[in-house]
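Please keep the sequence and the 3D structure in view while reading.

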Amino acid sequence: MEGIGFKEASANDSVLVQGFVTQDNTQIFSSMQIDEYGIGYISLSTLNNQVKGLNFEGVKPTIANVLNDTYGLKRPFMYMTRASGDYASETVEQLVEAFVAFLGTTDASDIINNSGAIALPATQTWDDIKANHPVTNQNNSGVTVRFGGSDSIQKVAEALTNAFKPKAGNFIAEHDHTGSGDAFKRTWDPAVKDTSVGKDVGFSSRPFTASEIAGSDVEHTGQLAWDAIVAIVHKNNPVSNITAEQLKGIYNGTYKTWGAILTAQA
């Protein structure tokens, strides 16, 4: 909703057109196979030829166009770690540093892509850089690293830690995802970070705000991946392209028929 200029709908369903239905990726995908007049949105990773994925602002929804920054209906998956020296132990800090390094490898890229997000380009493997992180060679089965933040990233984050644990001495990965806003609060906010809900790594499914960056340290943040969204319709729908303004108009009730969209495009 923020990506189409309808930010107020992110937290307030009452501004949406009457009759909207909330469904998950699988349900909305199934609905658009039979509903010739409907529209929904799904992650790019689940798009196939059983429905029509609309171009956005004239750009086709493809991984290549997400990565070359021409496809605009997307959001970054970000991470933030605690400050240097601000961990329960030196071992935890070294494991976090190793995990962040792992995120930039082709090993992690495969996991990210298989989990429904779009990985950033990578060329190194974990084997190429493992020697830089000797902490991963020791038995870490009694060490807990705490992960949290965005629940939208939880599936990706858990897949990454499940793959990394056996490469890093079988540490314990504790996941507690309570929203993007907690990525900063639970890793840097003095009032929160050292409580029982504090985290070592926080994830955000949006860019960090200026106040969050100012309150932390840009060197301890980075991008994990992209999440791309595609507006989908029935295969028989004559519309093939949609703009942000038109999507907002559909969801707020300005446009009530596909004919009105075609007229606007003409």
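Two strands pair if DSSP finds at least two bridges between them. This is a predicted model, in which local features need pLDDT of at least 70 and side-chain atom pairs count only at pLDDT 80 or more, while totals for chains, interfaces and linings use all residues. Residues are numbered from 1 along each chain as its sequence is written, and side-chain values use heavy atoms, with hydrogens and water left out. Helices (H or I, at least four residues) and strands (E, at least two) are DSSP runs, numbered from the N terminus.

**Strand 9 and its partners**

- Strand 9 (residues 221–233) is largely enclosed by the rest of the structure, because eleven of its 13 residues are buried (under 20% relative accessible area, with a 1.4 Å probe and protein chains only).
- Strand 5 (residues 118–119) pairs antiparallel with strand 9 over two bridges, and Ala-119 stands opposite Ala-225.
- Strand 4 (residues 74–81) runs antiparallel to strand 9 over seven bridges; the bridge partner of Lys-74 is Ala-228.
- Four bridges join strand 1 (residues 40–43) to strand 9 in the antiparallel sense, with Ile-42 partnered by Val-230.

**Helix 4 against helix 6**

- The axes (lines fitted to C-alpha atoms over the stretch in contact, with angles from 0 to 180 degrees between N-to-C directions) of helix 4 (residues 106–114) and helix 6 (residues 154–164) come within 9 Å and cross at roughly 140 degrees.
- Contact (heavy atoms within 4.5 Å) is made by Ala-108, Ile-111 and Ile-112 of helix 4 and by Val-156, Ala-159, Leu-160 and Ala-163 of helix 6.

Note on methods:
Buried < 20%, exposed > 50% of the residue type's maximum accessible area, 1.4 Å probe, protein only.
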